[in-house]
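User: I have a chain open here and want to talk it through. Can you start with the fold and then go where I point?

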Amino acid sequence: MNDEKAYWDNRYEEETTGWDLGAVSPPLKEYFDQLTTKDIAILIPGAGNAYEAAYLHDNGFSNVTVVDISEIPLNNFKKNHPTFPSERLIHQDFFKHKGEYDLIIEQTFFCSFNPSRMNRVKYTTKMLSLLKPDGKLVGLWFNIPLDATTEKRPYGGTKKEYLSYFAPSFEVLTFKPAHNSYIERDGKEFFAILKKRNIKKQQNNPLHGITLKHILEHLVAVYGWERMDQEVRINCFAINPAIKSSLRFLRKTPWAREKVERLYLKSLKEK
Ligand SMILES: C[S@@+](CC[C@H](N)C(=O)[O-])C[C@H]1O[C@@H](n2cnc3c(N)ncnc32)[C@H](O)[C@@H]1O
């Protein structure tokens with residue numbers, strides 16, 4: 001956490017916060033305005049100055065939690081919004097956060113991680129673990145395809161790439177270019193509503209639509225190779241482990257594949 005924390009503290013201290021809209025993001029405001037149940041549990045990770053949290057609070061939403069790795073914006077927020085419950089302003093690494101939410105809001109958070117496939121799977125997996133069954137991840141993701149020249153934040157992606165992370169574990173209710181973005185982001189972001197797949201409801205085939213590659217990437221992000229090796233004793237997890245060689249082995253070894261799939265389902269049930 002220390003390097004990341006120092007990086008973000010520094011950005012706030014130096015006021016190099018080019019991402020900060022200074023107000024609630026319009027597509028999110030529109031989404032919030034049509035919600036009728038005001039006591040749903042909402043999480044805003046990497047919220048920064050948390051304009052979305054302020055808007056929700058001012059509009060009667062009573063169960064909003066904010067998490068950020070930097071204390072600086074949290075302290076500013078506390079000062080400017082004294083009636084917001086301070087125990088729900090959490091200074092923590094999102095990946096260590098525990099809880100159960102009906103709704104998680106994405107706003108310029110995903111794009112701040114180094115865009116490795118592993119980081120993106122880790123983000124998706126963490127979101128899943130924090131959502132209640134049928135919970136939703138809603139927000140904005142930059143429509144800026146990554147290429148070899150993409151060297152700095154915000155790290156975006158294509159719809160195809162995003163869906164490769166989300167579609168296996170979420171029902172994609174909406175994933176489209178936002179129509180009412182803040183002016184400087186016009187044409188540069190997708191608005192999405194992703195509903196966690198309820199594995200209990202697809203009991204007959206809980207692995208429907210989930211690829212073996214996704215399963216392996218998920219397990220590496222959640223457990224790491226060492227624990228995978230302890231859980232399923234196969235050489236490809238123990239010696240020079242890699243996704244490609246494991247895929248090759250598992251595709252031709254049904255008994256091992258079955259064990260790995262069982263481990264995946266177990267990991268989804270763990271908090
Ligand atoms: C690009 S800023 C966006 C802030 C805010 N969402 C906005 O749009 O104004 C990214 C935010 O994520 C926070 N952050 C980065 N990594 C984090 C982590 N692992 N856990 C919690 N917060 C993190 C940073 O401190 C920063 O406030």
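Analyst: This is a predicted model. Its secondary structure comes to 11 helices and seven strands.

User: How does the radius of gyration compare with the globule rule for 271 residues?

Analyst: The radius of gyration is 19 Å, close to the 18 Å that the rule gives, so the chain is as compact as a globular protein of that length. Along the principal axes, the C-alpha atoms fill a box of roughly 60 × 40 × 35 Å.

User: And what share of the residues is buried?

Analyst: Buried residues make up 32% of the 271. As for contacts between residues at least 6 apart in sequence, 67% join residues at least 24 apart.

User: What is the domain assignment?

Analyst: Domain 1 covers 2–196 and domain 2 covers 212–269. Their centres, taken over C-alpha atoms, are 30 Å apart.

User: How many residues of each domain are in contact with the other?

Analyst: Six residues of domain 1 are in contact with six of domain 2. The domain 1 side of that contact has three nonpolar, one polar and two charged residues.

User: Switching to the ligand. Which residues are closest?

Analyst: Trp8, Gly46, Gly48, Phe94 and Thr108 are the closest of the 21 residues that surround the ligand. Helix H1 (2–13) and strand S2 (64–68) are the elements that give two or more residues to this shell.

User: What classes do the shell residues fall into?

Analyst: The shell around the ligand has 10 nonpolar, seven polar and four charged residues.

User: Now H5. What span should its 14 residues have?

Analyst: At 1.5 Å a residue, helix H5 (residues 117–130) should span 20 Å, and its end C-alpha atoms are 20 Å apart, which agrees.

User: Which of its residues are buried?

Analyst: The buried residues of H5 are Arg120, Val121, Tyr123, Thr124, Thr125, Met127, Leu128 and Leu130.

User: Last one: how far apart are serine 116 and arginine 185?

Analyst: They are 69 residues apart in sequence and 23 Å apart in space, C-alpha to C-alpha.

Key
Residues are numbered from 1 along each chain as its sequence is written. This is a predicted model: local features need pLDDT of at least 70, side-chain atom pairs count only at pLDDT 80 or more; totals for chains, interfaces and linings use all residues. Helices (H or I, at least four residues) and strands (E, at least two) are DSSP runs, numbered from the N terminus. The radius of gyration is taken over C-alpha atoms; the globule rule is 2.2 Å times the number of residues to the power 0.38. A residue is buried if 20 or more other C-beta atoms lie within 10 Å of its own, exposed if 12 or fewer, and partly exposed in between; C-beta atoms are placed from the backbone. Two residues are in contact if their C-beta atoms, placed from the backbone, lie within 7 Å. A residue is near a molecule or strand if its C-beta atom, placed from the backbone, lies within 6 Å of it. Ala, Val, Leu, Ile, Met, Phe, Trp, Tyr, Cys and Pro count as nonpolar, Asp, Glu, Lys and Arg as charged, and the others, Gly among them, as polar. The expected span of a helix is 1.5 Å times one less than its number of residues. Domain bounds come from an automatic or database domain assignment.
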